[in-house]
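Trainee: I would like to go through this model with you. Could we begin with one helix and then turn to the sheet?
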Amino acid sequence: MAKAIYPGSFDPVTKGHLDIIIRSSKIMEHLTVAVLENPRKVATFDIKKRVEMLKLVTEPYPNVDVDYYEGLLIDYAQQRKVDIIIKGLRAISDFEFEFQMALVNQKLRPEIETLFMMTNSKYSYLSSSIVKEIAALKGDIRSLVPTEVYEIILDRFS
Ligand code: ADP
């Protein structure tokens, strides 16, 4: 079995992310959920909070850990000595960008594979930005985010 990373912004983690984490942790020896620190993007939750939320939701899974990184994903992947990068695919709209990224990463480090995992149909509409939009308009996000982080997200928008 291989070691993998699952990178993303996770701003905040949603049930769609958690579904990918659970399914990929079952087929990987070890999975690191890697939060991207992007100085060019303004995040709603700071990196510490995003890591904290992910740690709460991944606690039941012993072969999953959470980390953060700045800079090139492929360099981080090599530094962590992983074989596989996991990406989730929701719709055709995700595909074009992810396809380009996977090919660039293949060029930079051919020994690291990108694997795409299809979204669970229950969550194909779900993204962090949708969660934030609904929360900002005081809508109910209970069915969209893991229970462990519901209050934390609500607090941020209160
Ligand atoms: P977003 O802000 O769009 O939710 P992230 O950068 O946090 O995106 O996502 C990290 C990874 O998780 C990406 O590979 C993305 O395609 C995947 N992902 C996000 N939401 C879902 C979902 N509902 N189902 C499957 N994969 C998802």
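Mentor: Helix α4 (residues 92–108) lies across β4 and β5, running at about 170° to β4. Helices (H or I, at least four residues) and strands (E, at least two) are DSSP runs, numbered from the N terminus. Contact means heavy atoms within 4.5 Å; axes are lines fitted to C-alpha atoms, for helices over the stretch in contact, with angles from 0 to 180 degrees between N-to-C directions.

Trainee: What kind of model is this?
Mentor: The model is predicted: local features need pLDDT of at least 70, side-chain atom pairs count only at pLDDT 80 or more, and totals for chains, interfaces and linings use all residues. Residues are numbered from 1 along each chain as its sequence is written, and side-chain values use heavy atoms, with hydrogens and water left out.

Trainee: Which residues of α4 are buried?
Mentor: Asp-94, Glu-98, Ala-102 and Asn-105 are the buried ones, buried being under 20% relative accessible area with a 1.4 Å probe, protein chains only. They pack against α3 (73–79), β4 and β5.

Trainee: Where is the kink in α4 centred?
Mentor: On Glu-98, with a kink of about 25°; the bend is the angle between axes fitted to the seven residues ending there and the seven starting there.

Trainee: Now the sheet. In what order do the strands run?
Mentor: The order is β3-β2-β1-β4-β5, in an open sheet with parallel pairing; two strands pair if DSSP finds at least two bridges between them.

Trainee: And which strands stand at the edges?
Mentor: β3 (64–70) and β5 (113–118) do, each with a single partner strand, so one side of each has no neighbour in the sheet.

Trainee: What is the bridge partner of Ala-4 in β4?
Mentor: Ile-84 is that partner.

Key:
Buried means under 20% relative accessible area, exposed over 50%, partly exposed in between (1.4 Å probe, protein chains only).
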